[in-house]
Amino acid sequence: MNIDDVVGADATKLEEMARQIRRRIIEVVSKNGGHLASNLGVVDLTLALYSVFDPRENVIIWDTSHQCYTHKLLLDRWESFSSLRQLGGISGYTTLKESIFDRFGAGHAGTSIAAALGIERALRLKKEMKNVLVVIGDGALTNGEALESLNQIKGQNSRLKIILNDNGMSIAQNVGALSETFAKIRTNPAYVKFKGLVKKMLEGTEVGKNLEDELRRLREGVKLFISGFDFFESLGIKHIGPIDGHDIELMKKLFERIKNYDYPVVVHLITQKGRGYEPAENNCIVFHSAPKFNLNTGEPLAKKNHMSYSEVFGETLVRISQKNDKIFAITAAMPDGTGLRKFSQIFPERFADLGITEQSCVTFAAGLATMGYRPFVAIYSSFLQRAYDQIFHDVALQNLNVVFAVDRSGLVGEDGPTHHGLNDICLFRTIPGSKIFTPSNLVELVSILRSIVEKDVSGVVSVRYPRDSREANFEKLWDESTVLDIFNWETVRTGNGKIAVLAAGTLLENTRKLASLDPTIVYVRCVKPLDEKSLMKIADAHDAIVTLEEGYINGGFGESVISFLIKHGYKRSVLTLGVAEKFVSHGSREELLKLCKLDSEGIFESVISFLKKEVYAW
């Protein structure tokens, strides 16, 4: 099956294709993991859209692009789809490197409309009158960049066509006023009546002059329903819908009608997340980014008795907050992914999910901090990059106390370069007065979080931990944890004085093979500020130093060690191990650690080579 089968096809043929595509997606994701629910929800939408707007002749951009599997299957990747999210295989997102039909690469929400406006302007300059379309979800539409871009459409004289895929969800349930507005539209009696009218019209019954009249009447009804205001129309954008996003025949008619519009339009489609696979329909949060699962039952093939770092963070925050009523938890549309679901249920008055608004989350936390609360902002590392200015300007500059739980730090695995958390050490290192903690295991995560609160560690505080899990029981973790001096490094092995390895975070466990070299191994639980007293002792007692971190070397922990040694006149041979200045592909976490030579074998080989060459840093 390919795009030639779809362009111009009738609804009956497209419906059969939809069944085949859903089977293919479910089969592959059950083996590889991936974004299942969102992709099943847009199969019908994609087929109807591509049957009218040939993606080879029009520019179609998928916001966030985690729902692009049907797009990939139709455009040259049906056979290679089995390699989805595997090392050396195709990406789970659109990417310019993979296909000329992936018009814009994305893994973060809200970028599509701005990119489309830029592409549309370029096409106009080139005198190419192609249609430019955006497919964006209702969750992504609440993102600040998306709203800023909507505000520019009229001023740019755009004729952009925006397909609003409204399933009432981003990952968790959507929040905020826009979400409530869309919900009102979906449940409006005018919409229910409209569906019946359209069916009659398609059967040939005389119900009005034409489809456009009915859409206009529906829109007017919706305007009255929401107090005389239509959000899109107020921005100068024609608004059609809501329409059933699984009625292929109806969508084809609508897309044909708007094809030659010379003004911007939003087509509001209602879709069901997980459509066509009962386990995903019933639990679309779990199947949003699905682990590998049993195809027949939908049961995840997860390791038993394991806890993720996210889950341990969430459990720890609940336990701490039982004795501290100043703790407040904030997330950006990720209450489940960040482990905060339980916290939100136990302490709803001290929890806020602000949707896909990382910048707002940080400044919201700053506001809480001015009133004496201790906010914990739990955001994935790669998403937190969006809020650098707010961390700097709104928190650090005002010397406010905010803890950043930097989830998914390091190499995250199959989601690939848009999601790897390789920049957060570099980011927080540049913030004056910031503190960066890197737990080596689950017990250390609990201990660090307890210590931050009980010792009242102030200012901008980040705790970075990986997307990983270990066999664990939380009660045991809590019992084994302790309040400690978290600014001190810990020597876990004393060697012969030839070489010292300074290992930040969970990479500590990958130093075991170095034992044959008789090194001193130091666990760096605090990357910033440096434990200068320990570092000076290490430099005095060893001929060479190796730093180890799961992040970019440029701007990272190793650079801060070298800078300190130079400043204090130490002439030591230094090797900095981390991720080189490159974008790392997708694959399993284990494969990527090996690719970056940060697994046990790679670290051992790098240290051996370093000792043989006696490389000096200056």
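The following conversation walks through the main features of a predicted model.

Visitor: What kind of model is this, and how are residues numbered?
Guide: This is a predicted model, in which local features need pLDDT of at least 70 and side-chain atom pairs count only at pLDDT 80 or more, while totals for chains, interfaces and linings use all residues. Residues are numbered from 1 along each chain as its sequence is written, and side-chain values use heavy atoms, with hydrogens and water left out.

Visitor: How many helices and strands are in the chain?
Guide: The chain has 25 helices and 19 strands. Both are DSSP runs numbered from the N terminus: helices are H or I with at least four residues, strands are E with at least two.

Visitor: What share of the residues is buried?
Guide: Of the 618 residues, 59% count as buried. Buried means under 20% relative accessible area, exposed means over 50%, and partly exposed lies in between (1.4 Å probe, protein chains only).

Visitor: How is helix 4 placed, buried or exposed?
Guide: Helix 4, residues 43-52, is mostly covered, with 10 of its 10 residues buried. Among them are Val 43, Asp 44, Tyr 50 and Val 52.

Visitor: Moving to sheets, what is the strand order in the open sheet of 5 strands?
Guide: The order is 14-16-15-18-19, and the pairing is mixed. Two strands pair if DSSP finds at least two bridges between them. Strand 14 (490-493) and strand 19 (573-579) stand at the edges with a single partner strand each, so one side of each is left without a neighbour in the sheet. From one strand to the next, the twist averages 25°.

Visitor: In which sense do strand 14 and strand 16 pair?
Guide: Strand 14 pairs with strand 16 (residues 520-524) in the antiparallel sense, over 3 bridges. Glu 490 stands opposite Tyr 523 in strand 16.

Visitor: Which strands does helix 23 lie across?
Guide: Helix 23 lies across strand 15 (499-504), strand 16, strand 18 (544-552) and strand 19. Relative to strand 18, helix 23 runs at about 145°. Axes are lines fitted to C-alpha atoms, for helices over the stretch in contact, and angles run from 0 to 180 degrees between N-to-C directions.

Visitor: And how do the axes of helix 22 and helix 23 cross?
Guide: The axes of helix 22 (residues 532-541) and helix 23 (residues 557-567) come within 11 Å and cross at roughly 70°. That makes helix 22 roughly perpendicular to helix 23; the term covers 65 to 115 degrees, while angles under 35 degrees count as roughly parallel, over 145 as roughly antiparallel and the rest as oblique.

Visitor: Which residues make that contact?
Guide: Helix 22 contributes Glu 532, Leu 535, Met 536 and Ala 539, and helix 23 contributes Val 561, Phe 564 and Leu 565. Contact here means heavy atoms within 4.5 Å.

Visitor: Where are the cis peptide bonds that join Gly 241 to Pro 242 and Lys 528 to Pro 529?
Guide: The bond between Gly 241 and Pro 242 has an omega of about 10°, and Pro 242 lies in strand 4 (residues 238-244). For Lys 528 and Pro 529, omega is about 0°; Pro 529 is in the loop between strand 17 (526-528) and helix 22.

Visitor: What is the phi of Thr 64, and of Ser 65?
Guide: Thr 64 has a positive phi near 65°, and Ser 65 has a positive phi of about 70° although it is not a glycine. Thr 64 lies in the loop between strand 1 (59-62) and helix 5 (69-74), and Ser 65 is found in the loop between strand 1 and helix 5.

Visitor: Is each of these two buried or exposed?
Guide: Thr 64 is buried, with a relative accessible area of 11%. Ser 65 is buried too, at 0%.
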